[in-house]
Amino acid sequence: MIHVSKLVKAFGRRPVLRGVDLDVPAGQSVALFGPNGAGKTTLIRIIAGLSKLTAGRVTLGGQDIQRSGDGLRRYIGVVSHNPLVYDSLTAEENLQFFGRIYDVPELEPRLKTVLEQVGLTARRKDVVRTFSRGMIQRLAIARAILHDPPILLLDEPDTGLDQQAADMLRTLLADLGSGDRTVLLTTHNLERGIEWADRALILNGGRICFDAPTAGLSGAEFRRIYSDVVGG
Amino acid sequence: MSFLRKVLAIVWKDVRAELRTKDILSSMLVFAGLSVLIFQFAFDLRADNVRLVLPGVLWIAVTFAGVLGLNRSFILEQDRGCMEGLLLAPMDRSAIYFGKLIGNLLFIAVVELLLLPLMSVLFNVSLLSPTLVLVLALGTLGYAAVGTLFAALSINTRAREVMLPILLFPVMIPVFVAGVQAVSGLLDGDTLADIAKWIRLLLAYDGIFIAAAMILFDYVVEE
């Protein structure tokens, strides 16, 4: 579903990604780990079409992101560091707006379903600026899945969440990751990441240095591997 | 139709947010009202004929108040990374430009609607003629067209409040010249035919800059 080949990204003369190769088949959940500055967010932004690549190729469902039109963005849902929702609108108004610009058919029933899925039905009429960090993150997830995208890109979705909100997010991601949806997520929480995903990658110095399935991999074992790879 | 629906969705979102916060309109209205009052006091003392300064005062008030609105409309998109949310949507990015342009036009038009009667009373001159409203509408369209593009450009700079007028005002000179000349003519009793050359200049400016902004907007918002 996601195919990245010899991807290079440089900001000026400073290379961030130095030839990343990655294949994520449909329905797989992949957790991408790495220290700050490793290029995780840059990789997510390039796949999402928010950032231009310097060299290489990225295809989604066989379509080249550089050559395909605006329509390809319909296949992607993104949860980034920022929630990408409007503070001065209610949860419902935010989703109505994003539903309209994504041409979501039968928006009202879909909106109801998504709000129930993220547990915000009771707060649908409340303005976002009154929400807690965890609630805003749940609304950000609702926005990302509203158009039912086959690919979900989650850039540190657990940042700033307390344990309770993180548990709720884990349950939500388990639901979202089931079926044919392809999920690529980044996180600094090693245990949580391998619990959420089918496969773990470590990105360091702009290259993928570790790639293995998470089945049978314990948190302690992965922590040791991570330290060896990253050198921390 | 899909393009138009998305443009209108962006306008709806901006109007909805503004009706709730009143951030943009309140700052624009207070600024425009205060600047007209200050000009009225200043010129009442020095100018024998307010008709000489009135067109300039009108355009200065609209322009300066407009800068506040243009900046605020993109700050809304910057909070919580909302601009990225728009860029991720499966639509031609010119839809974002037209949505923001129409929203900005609406907010400036509301300020103008309140400014004209206020200035008519303060300066004791009737400014509520259809021809004057036409001139103002054409000038405002050009102003909002360029202002929306430059507001998108300057929003990611450190000194965005300063950057927008520095970029915008030099490009706006043809609009100010045509607008001031046309309003002056109308206050002196000229007909629509007499000010036709200024109207043509405003129409040409609007056409050229809307087309250019539509093409350039994608590059402006790109990383």
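Colleague: Hi! Which side chain does Arg5(B) meet in a salt bridge?

Modeller: Hello! In this predicted model, Arg5(B) meets the side chain of Asp103(A), at 3.6 Å from N to O. Arg5(B) lies in helix α1 of chain B and Asp103(A) in the loop between α2 and α3 of chain A, so this pair joins two chains.

Colleague: Is Arg5(B) buried, exposed or partly exposed?

Modeller: Arg5(B) is partly exposed, with a relative accessible area of 47%. Asp103(A) is partly exposed too, at 25%.

Colleague: And what does Arg80(B) form a salt bridge with?

Modeller: Its partner is Asp87(A), and the closest N and O atoms are 2.5 Å apart. This pair also crosses between chains: Arg80(B) sits in the loop between α3 and α4 of chain B, and Asp87(A) in the loop between β6 and α2 of chain A.

Colleague: How many salt bridges does the structure hold over all chains?

Modeller: There are 23 of them over all chains. One of them links Lys100(B) to Asp14(B), with 2.9 Å between the closest N and O atoms. Lys100(B) belongs to helix α5 of chain B and Asp14(B) to helix α1 of chain B, so the bridge ties together parts that are 86 residues apart in sequence.

Colleague: Why does Lys100(B) count as buried?

Modeller: Because its relative accessibility is 0%, and buried means under 20%. Asp14(B) is buried as well, at 5%. Salt bridges with shared partners join these two, Lys13(B) and Glu77(B) into one network.

Colleague: New topic: what is the strand order in the open sheet of chain A?

Modeller: The order is β6-β7-β8-β3-β9-β10, with mixed pairing. The edge strands, β6 and β10, each pair on one side only. From one strand to the next, the twist averages 15°.

Colleague: In what sense do β3 and β9 of chain A pair?

Modeller: They pair in the parallel sense, over 4 bridges. As an example, Val30(A) has Arg199(A) as its bridge partner in β9(A).

Colleague: Which strands does helix α1 of chain A touch?

Modeller: Helix α1 packs on the sheet and touches β3, β6, β7, β8 and β9 of chain A. Ala48(A) is in that helix, and this residue is buried, with a relative accessible area of 3%.

Colleague: What is Ala48(A) in contact with, leaving aside its neighbours in sequence?

Modeller: Beyond four places in sequence, Ala48(A) contacts Ile76(A), Val78(A), Leu153(A) and Leu88(B).

Colleague: Last one: which residues form the nonpolar patch on the surface of chain B?

Modeller: Those are Val30(B), Leu34(B), Leu37(B), Ile38(B) and Phe41(B), with about 490 Å² of accessible area together. Leu34(B) is found in helix α2 of chain B and is partly exposed, at 48% relative accessible area.

Conventions
Residues numbered from 1 in each chain as written. Chains lettered and ligands numbered in written order. Predicted model: local features only at pLDDT ≥ 70, side-chain atom pairs only at ≥ 80, totals over all residues. Heavy atoms only, no water. Pairing = 2+ DSSP bridges. Axes fitted to C-alpha atoms, helices over the stretch in contact; angles between N-to-C directions. Contact = heavy atoms within 4.5 Å. Patch = residues over 30% accessible without salt bridge, like charges linked within 9 Å, V, L, I, M, F, W, Y side chains within 5 Å. Areas by Shrake-Rupley, 256 points an atom, 1.4 Å probe, with all protein chains shown as cover. Salt bridge = Lys/Arg side-chain N within 4 Å of Asp/Glu carboxyl O. Buried < 20%, exposed > 50% of the residue type's maximum accessible area, 1.4 Å probe, protein only.
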